[in-house]
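Please open the structure in your viewer and keep the selection tool at hand. The stops below say what to select next and what is there.

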Amino acid sequence: MARFLRAPDPGGWAKALTVRFAFEDCLLDDERRELTLRGQPVSIGPQVFDLLLYLLLHHDRVVSKDELLRAVWSGRIVSESTIASHINAVRKAIEDTGSQQRLLRTVARKGFRFVGELREGGTRPASLPPGPSGGDDDGSTALPALVLPDKPSIAVLPFQNLSGDTGQAYFADGVVEDIITALSRVRWLFVIARNTSFAYQHRQVDPRTVGRELGVRYVLEGSVRKAGNRVRITGQLIDASTGTHLWAERFEGTLDDIFELQVEVAENVVGAISPQLERAEIERAKRKPTQSLDAYDYYLRGVANLHGGSRARIEEALRQFNRAIELDPEYGSAYGAAAWCYVWRKVNGWMVDRPAEIAEGVRLARLAVTWGRDDAVALTRGGHALGHLTRDLDGGIALLDRAVLLNPNFAPAWFLGGFLRIFHGESESAMTLFSHAVRLSPLDPEMFRMQAGIALANFFAGDFDTASASAEKALSNLPSLLVAAVVAAASHALAGRQEAAHHAMAHVRGLDPSLSLSTLADWLPIHRPQDLARLTEGLRLAGLP
């Protein structure tokens with residue numbers, strides 16, 4: 001029988017600390033509550049972070065289990081198995097194992113000791129500028145500085161809408177999104193994803209701060225003015241390391257010229273970064289997504305709703321994508337986005353006529369792949385929809401791999417490919433894809449989708465603590481996300497946290513009362529029987545009928 005202990009309040013041992021520790025390829029920053037490995041953020045639960053921090057602070061001696069209970073689990077009743085699972089989570093986060101114990105050693109019948117070579121980083125500089133969430137204004141802390149990629153890197157900030165009509169904001173956003181897409185097709189560039197760039201919308205930020213927070217060398221900012229049939233785009237390229245303006249230009253034309261104007265902006269940016277640009281690279285960016293400006297307008301409106309994730313916004317997005325398809329029956333990206341709306345409806349239990357909606361999603365996805373065979377956006381959404389709705393995971397993965405080849409900077413291609421690999425039974429490789437997606441888009445407002453994927457991958461890998469922590473993060477960003485609620489319930493149950501499991505299950509039942517153990521196999525395209533069995537057992541323990 002497991003032994004349960006109550007840990008008294010230690011008096012807030014970590015509240016006054018502001019420390020940084022470096023060891024091997026890891027950096028732990030207490031004030032930012034960040035652990036990075038080789039410059040990439042590591043997703044770990046808050047108690048796993050506290051456990052690691054405490055062991056680092058007391059690396060000069062063996063720390064007993066009772067001491068850890070007092071320090072990390074203040075006032076709570078926990079089992080010894082909880083400590084063991086958290087120790088395993090620490091080892092996984094810092095790339096240690098229970099067999100090697102290279103960094104964290106178990107001392108039999110005594111406790112644990114951190115034995116790695118430790119370099120203390122001292123206090124965090126007080127002058128570090130605040131992050132996009134507000135920094136000093138709202139008490140939040142800045143993001144850790146990211147390591148620059150080994151190739152030229154750029155972030156395109158949201159352009160100002162100077163049209164005098166707030167209803168035209170979506171158009172300015174669409175212009176920026178297409179400039180990002182054009183730059184992303186240049187293979188030797190590292191381009192921050194659209195959703196992270198738009199985390200800076202409606203904020204006055206220093207390009208040097210953006211460069212530090214996103215780990216890029218260059219920042220592009222500008223404005224869009226649309227008046228009648230006329231469009232003016234201005235842009236300026238800034239070296240984020242120094243704040244120096246490298247290039248500034250104004251581009252004017254009619255709405256009929258919009259795609260040419262966007263590519264012209266991209267050409268000038270790339271030319272300023274590297275005058276030795278191979279022309280063949282930028283030529284890849286010149287393909288127009290559609291010949292119909294009205295279709296393009298509806299597509300932009302649909303994308304704005306797609307990013308929201310709620311049922312109402314997905315329904316509106318689907319209507320707008322269908323209208324774009326009516327106006328241009330060869331619009332691959334619109335087909336792909338419409339197909340993906342059906343995937344999102346299926347995953348969240350929103351389908352009304354399930355067989356008909358699945359069939360329609362498959363039809364749209366196949367048209368996306370047909371008309372968008374060289375379009376990373378169409379292949380990403382359409383390929384993921386095909387893999388999910390038809391259960392042809394190998395075919396879907398192949399399409400997502402092609403999308404990454406066409407546009408290595410398109411974050412959704414990475415994380416949607418991660419989902420298909422999870423369902424295929426490749427949780428470890430999926431985690432790598434999610435990690436890269438987070439690096440491409442570290443401030444993504446759709447981070448809930450990546451967090452849900454990370455949760456699911458860790459669940460099938462057997463790390464229930466990390467899985468539940470990631471699932472809870474996803475739910476805090478989008479409470480209606482059914483897959484995150486399911487992973488939270490199953491993870492808590494298999495970790496022995498029955499109260500938390502039952503609470504999460506109540507949320508699951510509220511989101512989709514029709515979900516049951518017998519329908520799990522049809523809900524997600526899980527390939528391996530052992531993965532489906534693990535999910536079924538976790539949800540059975542949590543109380544799913």
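## A walk through the core and its rings

Begin by selecting L220 in this predicted model, where, leaving out residues up to four places away in sequence, L220 touches I154, A155, V156, L157, F159, I179, G235, Q236, L237, W247, V265 and V269. Now widen the selection to the largest nonpolar core, which has 145 residues and in which L220, I233 and Y299 are those with the most contacts inside it. If you then select helix α11, residues 332–347, you will have the part that gives this core its largest share, 11 residues. Apart from that core lies another one, of 31 residues, and L28, L37, W73 and L103 are among them. In soluble globular proteins, nonpolar side chains tend to be buried together.

Next, turn to the aromatic rings, for which the count comes to 9 aromatic pairs. Select F23 and F114, which form an edge-to-face pair with 5.0 Å from centre to centre and 70° between the planes. Because F23 lies in strand β2 (residues 20–23) and F114 in strand β8 (residues 111–114), this pair ties together parts that are 91 residues apart in sequence. Both F23 and F114 are buried.

For another arrangement, select F419 and F423, a tilted aromatic pair whose centres are 6.5 Å apart and whose planes are 35° apart. Since they are 4 residues apart in helix α15 (residues 411–424), F419 and F423 are separated by about one helical turn. F419 counts as buried because its relative accessibility is 11%, and F423 is buried too, with a relative accessible area of 3%.

Which residues place a charge over a ring? Select R381 together with W340, and you will find R381 over the face of W340, at 4.6 Å from the ring centre. Then select R449 and W344, where the charged end of R449 sits over the ring of W344, 4.2 Å from its centre.

For the last stop, select F459, which has its place in helix α17, residues 447–460, and which is buried, with a relative accessible area of 0%. Leaving aside neighbours within four places in sequence, F459 is in contact with F464, A467, V487, A490, S491, L494, R534 and L535. One of these contacts, R534, is 75 residues from F459 in sequence, while the two are 8.8 Å apart in space, C-alpha to C-alpha.

Terms used:
Residues numbered from 1 in each chain as written. Predicted model: local features only at pLDDT ≥ 70, side-chain atom pairs only at ≥ 80, totals over all residues. Heavy atoms only, no water. Core = buried A, V, L, I, M, F, W, Y, C linked by side-chain atoms within 4.5 Å. Buried < 20%, exposed > 50% of the residue type's maximum accessible area, 1.4 Å probe, protein only. Helix = DSSP H or I, 4+ residues; strand = E, 2+ residues; numbered from the N terminus. Contact = heavy atoms within 4.5 Å. Phe/Tyr/Trp six-rings, centres within 6.5 Å; stacked < 30°, edge-to-face > 60°. Lys NZ or Arg CZ within 6 Å of the ring centre and 35° of its normal.
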